[in-house]
Amino acid sequence: MRRLLNTLYVTMPDAYLACDGENVLIKAQDEIKFRIPVHNLEGIVCFGFAGASPKLMYLCCERGVALSFLTGYGKFMGRVTGNVSGNVLLRRTQYRWSDDNNTAVRLSRRFIAAKIMNSRAVLHRVLRDHPEAVDQDSLRRAIQLLAGMPKRLEQAKDGDAVRGIEGEAARLYFTHFNELLLSQKDDFQIADRNRRPPTDRMNALLSFLYTLLTHESVAALESVGLDPQVGFLHRDRPGRPSLALDIMEELRPHFADRLAVTLVNRNQISAKGFVIKENGTVLMDDDTRKAVLTAWQKRKQEEIVHPYLEIKIPLGLIPYVQAMLLARYMRGDLEDYPPFFWK
Amino acid sequence: MAIYSEDDFLMLSGIQHMAFCERQWALIHIEQVWSENVRTVEGKHLHERTDDPFEDESRKTLRVVRAMPLVSHTLGLRGIADVVEFYQSKEYEAGKVCRLEDRTGWWRPAPVEYKRGRPKRDDRDAVQLCAQAMALEEMMQVSVVSGFLFYGQTKHRESIAIDATLRQHTVALTQRMHQLFREGITPKAKKGKHCSQCSLVEQCQPYWMTQHRSVEAYLARMCCVEEEDR
């Protein structure tokens, strides 16, 4: 299996990125703060940055290191990439399939079936581990309803039908999301899922984690030669990485939602680490963002057995594996796409 | 034999990948997955050993030309020879020697390919040399009877005869390269001994490819939850 390399997250607002031979340097006030060989890196993500040298961008392009720029709040701004690479024939297949309703719906069902089952698994886990702390009846009902949805999904004939079931599942899931909180319950209550802008702490946290996941999904798709912008469930929209959002669906519950809950339950972040603006919108402060990034990096190193391949791999490689499996399906090596299920 | 147009030219250096494993060649040249890494590394080594194409070494009876661009319309390949050596011939030998500009006498060309490692059991390095020889022949209207493979690890050069058997194999491999490229198909993996020394084994994943699991059964298993589990 491919080696999981590090992603370098740059959060210092006055950081300047440069390179020295094969090394990536982080400078601040003309002083070298950090140095890492480029071959140890998979990506560099800058949050609110001062600058990067063209030579460093060149090095990143040459080595296939994804260099992304985000605002201090985690909104994606842009990315430096080299030539469009990969197999143009594969991308042609992707475009044809995206235009073909039957294929697009079939793939959409796979992404969403896995998302629903994974959401269900998240709720199921808290019911199993902490039955005394939750509203058992209500949770059990939700879990049962979610478990029945993949079957209904199979009947969906078009994208709208799939999105309809997806929306229903998401509402059901987020309605019960607060049950997952075992500590700091009041501070991290979620009213409903909203993101632009987030109006409570949990939404701010989730949005940030989804941004990180998007970055990794885009890089994974590009590394196997697929076009992250042309999706099956998410429609084309300039600037939107639709395919990345598609394959993210199945990853969100385990990668982002569970991590958010864990951070709160273990008191690794606290209510004080969020700024609530006069109009009610919520932002994370620097220390909280750092704590989340550290936890995210650590989580990626955890090993799990991939449910389809049945081999042990670090969690951080899952987006890459799913991208590869999707490419395999398009190339005809596989008869269908096996999404990621977490059990 | 077919005459290829410039548009259809493939990388000459790819023939060594082809001789090693069809799928490896296809992953690099059709899929282009990670090829930039391979090429970056290859390019680095190439530069280390071939210096500057504008600086040729000359002695009385030998001329050493570095980084010489090559094309063959009959093979449909293009590439760069690390080194081509021209040996002065005492006498004219029909079809084996050529003229060089600014030089008197007759000269016999021989390609030299530099390899980092050590001599291989198979002929993957020899076919690359042979393709270079055939391109030289086409470009200079001369026949090349032998060339050299220099191995970095043994620091030794081997003389390779460009004979009929090697030429046949080179042509066959080239035709297969063009066929695969036309069809745009990456051949399925065949697990073999060579997989352990393949630099692309991580991208190829011969193990997943050969022990196939049914996706349908997987989906059914994953979407079905036991009653008590609900």
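Seven residue pairs make polar contact across the interface of chain B and chain A, with both partners at pLDDT 80 or more. Keep in mind that this is a predicted model. Helix 2 (22-31), helix 3 (35-50), helix 6 (201-204), helix 7 (206-210) and helix 8 (215-223) of chain B each bring at least two residues to the side of chain B that touches chain A. Helix 8 of chain B has the largest share of that side, with seven residues. Sorted by class, the side of chain B that touches chain A holds 13 nonpolar, eight polar and eleven charged residues.

What about the rest of this interface? Chain A puts 44 residues into the contact and chain B puts in 32. The size of an interface is often quoted as the accessible area lost when the parts come together. Here, the area buried between chain B and chain A is about 3300 Å², and carbon and sulfur atoms give 53% of that. Three salt bridges are counted between chain B and chain A. In one salt bridge across the two chains, the side chains of B:Arg213 and A:Glu310 meet at 3.3 Å, N to O.

Over all chains, the structure holds 27 salt bridges. Here are a few from chain A, with their N to O distances.

| A:Asp20 | A:Arg35 | 3.2 Å |

Start with the salt bridge between A:Asp20 and A:Arg35. That pair links distant parts of the chain: A:Asp20 sits in strand 2 (residues 16-20) of chain A and A:Arg35 in strand 4 (residues 31-37) of chain A, 15 residues apart. A:Asp20 counts as partly exposed because its relative accessibility is 38%, and A:Arg35 is partly exposed too, with a relative accessible area of 43%.

A:Glu168 is partly exposed at 32% relative accessibility, and A:Arg152 is partly exposed at 40%.

Beyond these pairs, chain A also has a network of salt bridges, which links A:Arg106, A:Arg109, A:Arg110, A:Glu154 and A:Asp336.

**Nonpolar cores**

Now for the inside. In soluble globular proteins, nonpolar side chains tend to be buried together. Which residues touch the most other members of the largest nonpolar core? That core has 103 residues, and the answer is A:Phe177, A:Met202, A:Leu205, A:Leu209 and A:Leu226. Helix 3 (residues 101-129) of chain A gives the most to this core, namely 14 residues.

Leaving aside residues up to four places away in sequence, A:Leu226 touches A:Leu90, A:Arg91, A:Gln94, A:Leu221, A:Leu243, A:Ala323, A:Leu326, A:Ala327 and A:Met330. There is also a second, separate core of 38 residues, and its members include B:Leu10, B:Met134, B:Val144 and B:Leu173.

**A buried loop residue**

A:Leu181 is worth a stop on the way. This leucine is found in the loop between helix 5 (159-175) and helix 6 (201-223) of chain A. Why does A:Leu181 count as buried? Buried means under 20% relative accessible area, and A:Leu181 counts as buried because its relative accessibility is 0%. If you again skip residues up to four places away in sequence, A:Leu181 touches A:Phe188, A:Gln189, A:Met202, A:Val264 and A:Asn265. A:Thr262, 81 residues away in sequence, lies 8.5 Å from A:Leu181, C-alpha to C-alpha.

**Chain B as a whole**

Finally, back to chain B, whose secondary structure comes to eight helices and seven strands. Of the 230 residues in chain B, 46% are buried. Among contacts in chain B between residues at least 6 apart in sequence, 61% join residues at least 24 apart.

How values were computed
Residues numbered from 1 in each chain as written. Chains lettered and ligands numbered in written order. Predicted model: local features only at pLDDT ≥ 70, side-chain atom pairs only at ≥ 80, totals over all residues. Heavy atoms only, no water. Contact = heavy atoms within 4.5 Å. Buried area = accessible area lost by both parts, 1.4 Å probe. Salt bridge = Lys/Arg side-chain N within 4 Å of Asp/Glu carboxyl O. Polar contact = N/O pair within 3.5 Å; in protein donor to acceptor, adjacent residues only side chain to side chain. Helix = DSSP H or I, 4+ residues; strand = E, 2+ residues; numbered from the N terminus. Nonpolar A, V, L, I, M, F, W, Y, C, P; charged D, E, K, R; others polar. Core = buried A, V, L, I, M, F, W, Y, C linked by side-chain atoms within 4.5 Å. Buried < 20%, exposed > 50% of the residue type's maximum accessible area, 1.4 Å probe, protein only.
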